[in-house]
Amino acid sequence: MGKRRWTEIGLFALKCLTVAYILTGILLLLVAMLLYKIQLSEKVVNILVVVIYVLAGFFCGFITGKKMMYRRFVWGGLMGIIYFVVLFVISWIANQGFPELSMKFGSTCMLCVASGMLGGMISGN
C-alpha cells in the first residue's frame, strides 16, 4: 500500500471514531437524563454504559468493514482497540491518574474489541 492509501485509511478511521464518540456522548447524555428522571440504579447504569460501548464499537467495526474490502474482522477489531484506548486515556486524564486495573477494565476492553470485530464480520457484502 502506498503512503496515500495509508493516509486515506487514517483519515477514514479518525472520522469513524469521531462519529462513534459523538454517538457515545449522545447515548451517555440520554442515560444521564434517564438517571435523573427515573432514578435508575447504579447496576442498571453500569450495564447501559457497557451496552453503549458495545454499540459504538460495533458501529466502528461495521462502518470500517464496509470501507475495507479484506480482513474486515481485523479492521473492526483494530477500531475496537483504538476506541477503547481513547476511552482509557480520557478516563486517565479525567481521574488525574492511572485508573484501577480491575476485571471491569479487561472485560470492557474485550467487549470493545469483540464488538468491533463482530461489526466488521457482519459488514460483508
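Predicted model: local features only at pLDDT ≥ 70, side-chain atom pairs only at ≥ 80, totals over all residues.
Let's start with the aromatic rings. Searching the whole structure turns up four aromatic pairs. Take Tyr 53 and Tyr 83: their ring centres are 6.4 Å apart and their planes meet at 70 degrees, and because an angle over 60 counts as edge-to-face, that is what we call this pair. Where do the two residues sit? Tyr 53 belongs to helix α2, residues 42-67, and Tyr 83 belongs to helix α3, so this pair ties together parts that are 30 residues apart in sequence. Both Tyr 53 and Tyr 83 are buried.

Compare that with another pair, Phe 58 and Phe 62. These two rings are stacked, with 6.1 Å from centre to centre and 20 degrees between the planes. Both residues are in helix α2, and because they are four residues apart there, about one helical turn separates them.

Helix α3 runs over residues 72-95, which makes 24 residues. From its first C-alpha to its last, α3 reaches 34 Å, close to the 34 Å expected at 1.5 Å a residue. Its buried residues include Trp 75, Met 79, Tyr 83, Phe 84 and Leu 87.

What does Tyr 83 touch, once we set aside its neighbours within four places in sequence? The contacts are Leu 17, Ala 20, Tyr 21, Thr 24, Tyr 53, Ala 56 and Cys 112.

That brings us to the core. The largest nonpolar core has 13 residues, and among those with the most contacts inside it are Leu 17, Tyr 53, Met 79 and Tyr 83. The elements giving two or more residues to this core are α1, which spans 3-38, together with α2 and α3. Which of them gives the most? That is α3, with five residues.

Please also find Thr 108, in helix α4, residues 103-122. Its relative accessible area is 12%, and because the cut-off for buried is under 20%, Thr 108 counts as buried. Beyond its neighbours within four places in sequence, Thr 108 is in contact with Tyr 53 and Phe 84.

Last stop: Lys 67. The count of salt bridges comes to one. It is formed by Lys 67 and Glu 8, whose closest N and O atoms are 3.6 Å apart. This pair links distant parts of the chain, with Lys 67 in helix α2 and Glu 8 in helix α1, 59 residues apart. Lys 67 is partly exposed at 34% relative accessibility, and Glu 8 is partly exposed at 37%.

Methods:
Residues numbered from 1 in each chain as written. Heavy atoms only, no water. Expected span 1.5 Å × (residues − 1). Buried < 20%, exposed > 50% of the residue type's maximum accessible area, 1.4 Å probe, protein only. Phe/Tyr/Trp six-rings, centres within 6.5 Å; stacked < 30°, edge-to-face > 60°. Contact = heavy atoms within 4.5 Å. Core = buried A, V, L, I, M, F, W, Y, C linked by side-chain atoms within 4.5 Å. Salt bridge = Lys/Arg side-chain N within 4 Å of Asp/Glu carboxyl O.
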